[in-house]
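The sequence and the structure are shown first.

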Amino acid sequence: MSDRSPGRRQAGVTLTGFLLLAAVAALVGKLLLSLLPVYLDHFKVVAALESLQAQPDWPSRSREEVLATLQKRWEVDSVTYVTAPDVTISSEGRLTRVRIAYDVARPFIRNIELLVHFDDAIEAEPR
């Protein structure tokens with residue numbers, strides 16, 4: 001006698017379905033592993049901007065002092081994707097603005113690259 005009742009079929013994933021699912025999972029995993037360092041670096045850049053904004057006297061500092069403060073923080077945090085030319089410090093009237101805009105291109109598969117654009121800014125008036 002058979003353990004299966006008549007009219008009942010086994011259900012499951014075929015080999016083709018499993019291979020397709022494994023390929024998609026590998027592609028998503030590679031994507032995450034490629035972008036994770038980029039976003040971790042970006043979180044450090046944002047933390048440096050927030051740290052600068054927490055200092056009440058930053059709008060009255062010179063461009064060089066603000067840039068030096070950011071670069072010291074990036075050096076300690078091992079930020080690799082941002083450089084001094086990516087930082088724009090401008091003043092409009094009494095408002096001082098620090099903007100960090102940069103792109104990161106990471107190789108993905110063969111001749112395919114992932115391009116990520118970041119653009120963050122803080123503004124304040126001198127006190």
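## Basis of the description

Helices (H or I, at least four residues) and strands (E, at least two) are taken as DSSP runs and numbered from the N terminus, and two strands are said to pair if DSSP finds at least two bridges between them. The model is predicted, so that local features need pLDDT of at least 70 and side-chain atom pairs count only at pLDDT 80 or more, while totals for chains, interfaces and linings use all residues. Residues are numbered from 1 along each chain as its sequence is written, and side-chain values use heavy atoms, with hydrogens and water left out.

## The sheet and its hairpin

Three strands form an open sheet in the order β1-β2-β3, and their pairing is antiparallel. β1 (87-92) and β3 (112-124) are the edge strands, each of which pairs on one side only. From one strand to the next the twist averages 15°, where angles run from 0 to 180 degrees between N-to-C directions and axes are lines fitted to C-alpha atoms, for helices over the stretch in contact.

β1 and β2 are joined in the antiparallel sense over six bridges, and within this part of the sheet Ser-91 stands opposite Thr-96 in β2. The antiparallel pairing of β2 (residues 95-109) with β3 extends over 13 bridges, with Tyr-102 standing opposite Phe-118 in β3. The hairpin of β1 and β2 has two residues between the strands, and Gly-93 there takes a positive phi near 65°. Gly-93 is exposed, with a relative accessible area of 77%; here exposed means over 50% relative accessible area, buried under 20%, and partly exposed in between, for a 1.4 Å probe and protein chains only. The C-alpha atoms of Gly-93 and Glu-125 are separated by 9.1 Å, although the two residues are 32 apart along the chain.

## Helix packing

Two packed helices are described by the angle between their axes and the distance between the axes. For α1 and α2, the axes come within 10 Å and cross at roughly 140°. That angle makes α1 oblique to α2, because angles under 35 degrees count as roughly parallel, over 145 as roughly antiparallel, 65 to 115 as roughly perpendicular, and the rest as oblique. The contact (heavy atoms within 4.5 Å) is made on the α1 side by Lys-44, Val-45, Ala-47, Ala-48, Leu-49, Ser-51 and Leu-52, and on the α2 side by Val-66, Thr-69, Leu-70, Arg-73, Trp-74 and Asp-77.

Helix α2 (residues 63-77) also lies across β1 and β2, running at about 145° to β1. Elsewhere on α1, the helix contains Ser-34, which is buried with a relative accessible area of 4%. Leaving aside neighbours within four places in sequence, Ser-34 is in contact with Arg-106, Pro-107, Phe-108 and Leu-114.

## The nonpolar core

A nonpolar core is a set of buried Ala, Val, Leu, Ile, Met, Phe, Trp, Tyr and Cys residues joined through side-chain atoms within 4.5 Å. The largest such core has 24 residues, of which Leu-70, Trp-74, Val-98 and Ile-100 touch the most other members. Two or more residues come from each of α1 (15-54), α2, β2 and β3, and α1 gives the most, with six residues.

Val-98, which is found in strand β2, is buried with a relative accessible area of 0%. When residues up to four places away in sequence are not counted, Val-98 touches Leu-49, Leu-52, Trp-58, Val-66, Leu-70, Val-87, Thr-88, Ile-89, Asp-120, Ala-121 and Ile-122. Between Val-98 and Leu-49, which lie 49 residues apart in sequence, the C-alpha to C-alpha separation is 8.3 Å.

Most residues other than glycine have a negative phi, and most peptide bonds are trans. Against that background, Ser-78, in the loop between α2 and β1, has a positive phi near 60°. Arg-110 also has a positive phi, near 50°, and its place is in the loop between β2 and β3. Arg-110 is exposed, with a relative accessible area of 84%.
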